[in-house]
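Good morning, colleagues. Please look at the model on the screen while I take you through its helices, sheets and chain contacts.

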Amino acid sequence: MTHSAATVQSPPQSFLRRHVFSVDHKVIGRQYLDLALVAVVTGMVLSWIMRFHLGWPDTPVPGLGKIAPTGAAGGVITPEYYLALMTMHGTIMVFFVLTTAPFAGFGNFFLPIHIGAEDMAFPRINMTSFWVTLVAFLVLMAAFFVGDGPPLSGWTAYAPLSAVGKDAGPGQGAGQTLWAVSIAIFCVAQLLGSLNFIATTLDLRTRGMSLARLPFATWAWFITSVIALIAFAVLLPACILLILDRVAGTSFFIPAGLVISDRLQEHAGGSPLLWQHLFWFFGHPEVYIAILPGFGIVSQILPVFARKPLLGPRVFVACLIAIAFLSYTVWGHHMFLSGMNPLSATLFSVPTLVITIPAAIITLLWIGTIYGSRLRLTAASLFALGFVSVFVSGGLSGFFLAQPATDIYLHGTYFVVAHFHFVMGVAAMFGIFAATYFWFPKMFGRMMNETLGKWHFWLTFIGVYCVFMPMHYLGLAGNVRRYSAFTDDYLQPLIPLHRFITIAALFTGAVQLIFFFNLVRSRLRGPAAPANPWEATTLEWSTSSPPPHDNFGGHPPVVTHGPDEFGAAGVRDYVMQAEPQ
Amino acid sequence: MIARFTALVALVAVSGGVAGPPHRAAIAGTISGKVTYTGTLPKIRTIDMAKEPSCVTQHSTPVTSEDAVTGPGNSVRYVVVYISAGDQGAAASTDTVRYDQKGCLYIPHVAVMQVHQPLAVFNNDPTSHNIHPLARVNPEWNKSQPKGAPPIRTTWDQPEFIPVKCNVHPWMHGYFVVLATPNFSVTDSSGSFSLTGLAPGTYTVTAWHERFGTRSQEVTIAGSETKTANFVLTARPY
Amino acid sequence: MSTAILPPARGVPAKSVATPDGRPERRVAETGVWITIGTISMSFAALTSALVVRQSSAPDWQHLQLPALLYVNTLVLLGSSMTLESFRRRGGSFGLHATLLLGLLFLAGQVLAWRQLAAHNLGLATGPSSAFFYVFTVLHAMHVLGGLGGLGLVERRLAAGGLSATTSKAAALYWHFMAVLWLYLLALLTLRG
Amino acid sequence: MGRLFAVVVTLIALASTAFVVLHTWWLPPDISTHGSRIDRQLNETMIVVGVLFVAAQLGLAYFVWRFSARGAGGPIKTFPGGPKPMVVLATVLVGAEILVLTFVGSKVWAEVYQSPPAPGALQIEVQAEQFAFYFRYAGADKKFGAMHPELMNDATENFFGLDPANDTTARDDIVVGSLVIPANQPVVLQLHAKDVSHSFYVPELRIQQDFVPGMVIPLHFTATTPGKYELVCTQLCGLGHYNMRAFVEVKSPAEFDEWLKRQEPAL
C-alpha cells in the first residue's frame, strides 16, 4: 500500500468523499472534535442531573419522569438511575471526550502539518479509526435504551458487580454488556489511531524536521500515542475476558460461592483483583493520555503569547518521556485497600510520588517561561495559564492519595473525586479550550470572538474552583463518593456544601453556552482569519487558513529553525520554522 | 369476592324486576378448615433493624420474623389455600391488590393475586425501598421506590410463587403468590380458611406455606354444602 | 504476470523524509507493522499475566492436554513462513500461493483442534485452562486471518505488477511474527496451560 | 487583564487555604490507637502541600502580573540559570518530601495492614452483602460454625449460611446488625463478601479495607473512646451502596460482656 498513491491523488470531489468518508486527516480531526462536542454536552447534562439530585434528592426533575419512566418515575431519581448516570458520565467523559478531543481530534488535524507531511501514514486506517470510535459511542449510548437501563458499576466496572450479569442489579444485564462491547470497540479504534500517530511522526517528517525541532504539541501527541498503544492493548483483552465472563459462563473474574439475589452463582475460581489489576494497568496511563496532550498544547501556546521560547525544551520532552515510562509502574495506588498484598502498597507508592517530580518540573518550566516574557492575554493564553493553575491544584491533592497511610482515610471519598476532576475534568478541558481558541482560525479560516472567549474563561475559571475545591473539604470530612443520597447522620452537615457545589456546577455548565455560541457563530460568520493571526512560528502558520487538501499546496516546507524562536530584537520578534536561513 | 357479588347484583338488575330469588338459585358449596403443624418450630427471631433508625422508631415492640408464624393450637398463619385443579373458568378479578411497605416490613407478608390482576406497591416509609421480586417464570425486575415516589403498578402473566426481597433492607421478605384461580384464601393466626361459591364438582385443594411446604387433598362438592378440609404441615427447626 | 519485484518503489516521497544524517528512507508500512507487532505482543502479555494470576487465585486449575494436531499445525505454519521467504528471495508467485494455502490449512487445523476438544466436552466454560486455551488460540487465529488479508494484498499487488519491496517486507514481517507468536503460545499452553 | 488574572488566582489560593486552616470541614475526632499517626501524617502532608500550593499559585500570579504589562518594549529575559534551577528545585523539594512521607507513612501502614493482630484479640466475622453488614460472634464455645454459601437465606435470617442442624459449633453463634466492640481491647474482623465487592470504612476509626468476594481479609484495630459511630461502604456495590450502613458501638469492657451475655444465638 504505497503511501504516495493515497495522498497525491487529486482532492476528492463528491460531498460524501470530501466531508463524510474522507481520508483527509483534517476532516477526520474535525469529525473527532464534533464527536467529542456531542459527548461532552451529553456528559455535562448527566452531571447536572446528578448534582441536582445530590443537592435536592426529593425534588422531581421536571420532564425527567417522561424521558426515563423506570429510572426516575415522577422525576424523582432512583438510586440505580443515579449510579447509571454516574457510570455513563464517567465513561463518556474519560473515553469519548478526554481521549478523543485533545489527542485524536487536535492531534489528527495538526500532527501531519506540524511535521510538514501531506497526511497521516495510513489515511484509510485513520478514517476507519474514527468510524470505529463512532460505533463505540453509539453502542454505549444504546445502553440508555435497553430494558434495564445503563450499567451502574462506574467507569471502572469492578468485577464481580460488572461480571455476574442481571443478578447483580438493574443495569447489569444488557446495559453492562453494551458497556464492555463499546469499550472493547473503542480500544480497537484507539490502537489504530495510535499506530497512525507513531508511524507518521517517525517516518513522514519533512526535510529539516528533526526530532529536536518537533513542536511541543506534536511531542506530546507522539508520546501519548505510545502510552495509548500499550494501555489500550491491555484494556482490550481485559474487556474480552469480561465479556466472556458475562456471556460465555467463564470465570476469569468471579470466585466460587457467590450468592447474589439469593441465587448461588455457577462461576468458580476467578479473581476480582485480576480485573482491577488489568483495568488500572490501563487506567493510570489513561489519565496521562488525557493530560499529556494538554501539556503539549500549553507548551505550544505559552511561548506564542509570552513571545519567548519555552524554558528548557529538552527538559520538557525528557519529563514527558519520564512520565510516560513511570505511568506504567504506578497503577497499584488505586488498589492500596483493595485486598491486594499490603506489602505492594509501598512498592506502588514510591513511583507514584516520584512521578510528581517530572510533573512539578514541567509546571515550573511553564512558570519560568512567563518570567521575563511580554505576555499577551488572549482567550487562548488565559486558558493556558488557567491550565497551569488548575493543574497545580489537582496535582498537589494527589500527594495525599499516593501515600498509603493517608489513603487509608481518603480512599473512596470526595477527595479522590476532587483530585481527578481537577486534573482530568478541568485541566484537560482547559487544554481543549485553549487549543480551540488557538487553532480555530487555522482550522476554519475564521476568527473566534475574543470578548466572548474572555468572558467564557473568567466565569469558567472561577466556576470550576467553586465546584471542585470544596470537594476536597467533603473528602476531608469523610464524605464517601458514588453515593446517590446522603442518609448517614455524619453527612447531614455537609448537605449545604453539596448544594453550593450543585449551584456552582449548574452555573459553570450554563457558562459553557457562551463557548458553544461563540463556536457556532464564528464558524458561520466569524471574520476571515489571516494565515498567522497569533504571529506564531510552527509550520501550520506558514500555510493558508484552512490549509489546502495536501496542507502545503504541493511544495512541502524545508525546516530550518526550532519550534519556538521568539524574542528576536527588531520589528518581527519571531522566526518561522520554515523560513529560509 | 366483592367483584363476584357486584356481578351477581348486576345480573339480577339486568334480568328486569323479577321479584323474589332468581329462577334457579346458584348452588354454591364451601370448603373450609384449619391448617396446623407438627414437629419443632424454628426459633422466633427478632429482626435487627439497627441500620434503619427511621424504621426502628415505628415499632414499639421488637419485630419478629414472619416466615414461621403460628397461632393457638399449632395453627399456622400465612398459608395460601387454593383450588389447584377442578376449577371451572376463572373470572379474572380487576381490583388492585395493595402491597404496602410500612416500618420496613411488607404488609401483608404474603400477597395473593390472580394472573393479570393489577398489583400496586406503596412505600409509606420515610426511607427509600427497593422491590426485587425474584421471579423465574415471570420476567424478573428490580426497582427502587424513593420516599414519596408514586406506587409501582404491575401485573403478573404466569402463575408463580414469587419471593420478594428489599435489597436495601435484607430482612424485608414477602411473597407474591400469583394464581390462575380466583378461589383462594390466606389463613390468619387462627389457621382457618374458607373457599366459598364453589359450583358442584371434584376439587384438588392445596395448602402452601413458604417454609413448611405444600399439602393437597381431593374434595368433592355435591350441592350447596360445606365440606371441611384440614391440613397438617411438618415444621423443621432449621 | 510479471514475476520480478520492482526496485524499492517510492514508498514515501523522497523529499518528504529527510533525516539530518541522511539515513536510508524508512518505509512507512514496515514501521506500521513493527508497531502492530508491539501492540499484539502487549495484548498477549496481558493475557499471559491474566493466566498466571488466575492459576494462583484458585486451586481448580487442571492441566489441559493439547491435541496432537496442534503440533502438526505448527509445522504447517512454519512451512508457510519458509515458502514466504523463498517467494521473497527468488520471486515467483508459486511461493506466495503456497504460503496462502498453508495459512488457510493452519486455520482449518485450528478449527479441527477446537472441535476435537469440544468433542471431549472441554468447552470455553468447562474450566480455566480450557478457557484460556480458547482465548489464546482464537485471538491468534483471528490475527492469522488478518495476516492472510495482508498476503492477499501482496498477491493483488504482485498480479498488478506494482508490488514494492516495502509491502512485501511488511507482510512477511507480520507473517513471521504470527509464527513466532504461535510458538510462544504453544510453549505457554504446553508448559503452563 | 493580566492583573485581573493575578488577583483572581491569589484570591482563589487564599480562600482555598483558609477553609483548610480553619478546619471548617475536617476529619472527625480519632478514636483508634493508630489513628493519631495517620492524622499527623495527613497534617504534615497538608502543611507541605499547602506551602507548595500557595507558592505555585502566587508565583504564577506574580509573574503574570509583572510580565503581562510590558507591552512591546524591553527585551525578553530568560529565567536566571535556564531550566536547571527548576529541575533542581523540583527534584530536591519533591524528592525530600517523598523520602520523609514514605518513611514516616510506611510505619503506620505496616502497623495496621502488615502486622498480625494481637494474640488475645476478639474475633468477629463480618458478612457484607448487597446492602447491609452483619456481624457474628463465636458465642460460648468460642468457635465459629462453618459458612455454607448454598444455605445463605435472608428470609430465614441465615446471613452467614450456618448449618446448625449438623454443625454444633454454629448453634451458639450470635448474629447482629451492629458491630459492638469493647473499648481498649484489640479486635480482629474477618471480612467476608457474600456477593460483590464492598468496603469497611469508619472515619472515626481511621480504617478502611475492601471486602473481596472469594477472599477472607483480616482487619485489626483497637477502639479507644466508647460511643456510637457509623460504618459505611466505600466500594460501589450496587443500588443500595449509599444506604449500606451499620453502627459501630464501642462499649466499656464490662458493658460489652454484659451485652454479649444478653444476646441469644442467631438460629
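Predicted model: local features only at pLDDT ≥ 70, side-chain atom pairs only at ≥ 80, totals over all residues.

Helix α6 of chain A, residues 100–114, packs against α10(A) at an angle of about 45°, and their axes lie 8 Å apart. Axes here are lines fitted to C-alpha atoms, for helices over the stretch in contact, and angles run from 0 to 180 degrees between N-to-C directions. Helices (H or I, at least four residues) and strands (E, at least two) are DSSP runs, numbered from the N terminus. The angle makes α6(A) oblique to α10(A); under 35 degrees counts as roughly parallel, over 145 as roughly antiparallel, 65 to 115 as roughly perpendicular, and the rest as oblique.

From α6(A), the contact is made by Pro102(A), Phe103(A) and Gly107(A), and from α10(A) by Ile289(A), Pro293(A), Gly294(A) and Ile297(A). Two residues are in contact if their C-beta atoms, placed from the backbone, lie within 7 Å. The residues of this helix contact divide into 5 nonpolar, 2 polar and no charged. In that scheme Ala, Val, Leu, Ile, Met, Phe, Trp, Tyr, Cys and Pro count as nonpolar, Asp, Glu, Lys and Arg as charged, and the others, Gly among them, as polar.

Residues are numbered from 1 along each chain as its sequence is written, and chains are lettered from A and ligands numbered from 1 in the order in which they are written.

Let us turn to the chain contacts. Which chains have the most contacts among the 4 pairs that touch? They are chains A and D. There, 93 residues of chain A are in contact with 90 residues of chain D. Several elements of chain A each supply at least two residues to its side of this contact, among them α5 (79–97), α10 (272–306), α14 (379–402) and α17 (450–476). The helix that gives the most is α13(A), with 10 residues. By class, the chain A side consists of 61 nonpolar, 24 polar and 8 charged residues.

Within chain A, Pro404(A) is placed in helix α15. Is Pro404(A) buried or exposed? It has 28 C-beta neighbours inside 10 Å, and therefore counts as buried. The cut-offs are 20 or more other C-beta atoms within 10 Å of its own for a buried residue, 12 or fewer for an exposed one, and partly exposed in between, with C-beta atoms placed from the backbone. Leaving aside residues up to four places away in sequence, Pro404(A) touches Phe336(A), Ala345(A), Thr346(A) and Ser349(A), together with Gly105(D) and Trp109(D). Ser349(A) is 55 residues away along the chain, yet the two C-alpha atoms are separated by 6.9 Å.

Chain A also touches chain C, in a contact of 43 residues from chain A and 36 residues from chain C. On the chain A side, α1 (3–8), α8 (174–203), α9 (216–247) and α10 each supply at least two residues. Of these, α9(A) gives the most, with 9 residues. That side has 27 nonpolar, 13 polar and 3 charged residues.

Two pairs of chains do not touch. The nearest C-alpha atoms of chain B and chain C are 23 Å apart, and the closest of chain C and chain D lie 9 Å apart.

Chain B has an open sheet of 4 strands in the order β6-β5-β8-β11, with mixed pairing. Two strands pair if DSSP finds at least two bridges between them. At the edges stand β6 (105–107) and β11 (152–154) of chain B, each with a single partner strand, so one side of each is left without a neighbour in the sheet. Strand β8(B), residues 119–123, pairs with β11(B) in the antiparallel sense over 3 bridges, and Ala120(B) stands opposite Arg153(B).

A further open sheet of chain B has 5 strands in the order β7-β13-β12-β9-β10, again with mixed pairing. Its edge strands are β7 (110–114) and β10 (143–145). Strands β7(B) and β13(B) pair in the parallel sense over 5 bridges, where Gln114(B) stands opposite Leu179(B).
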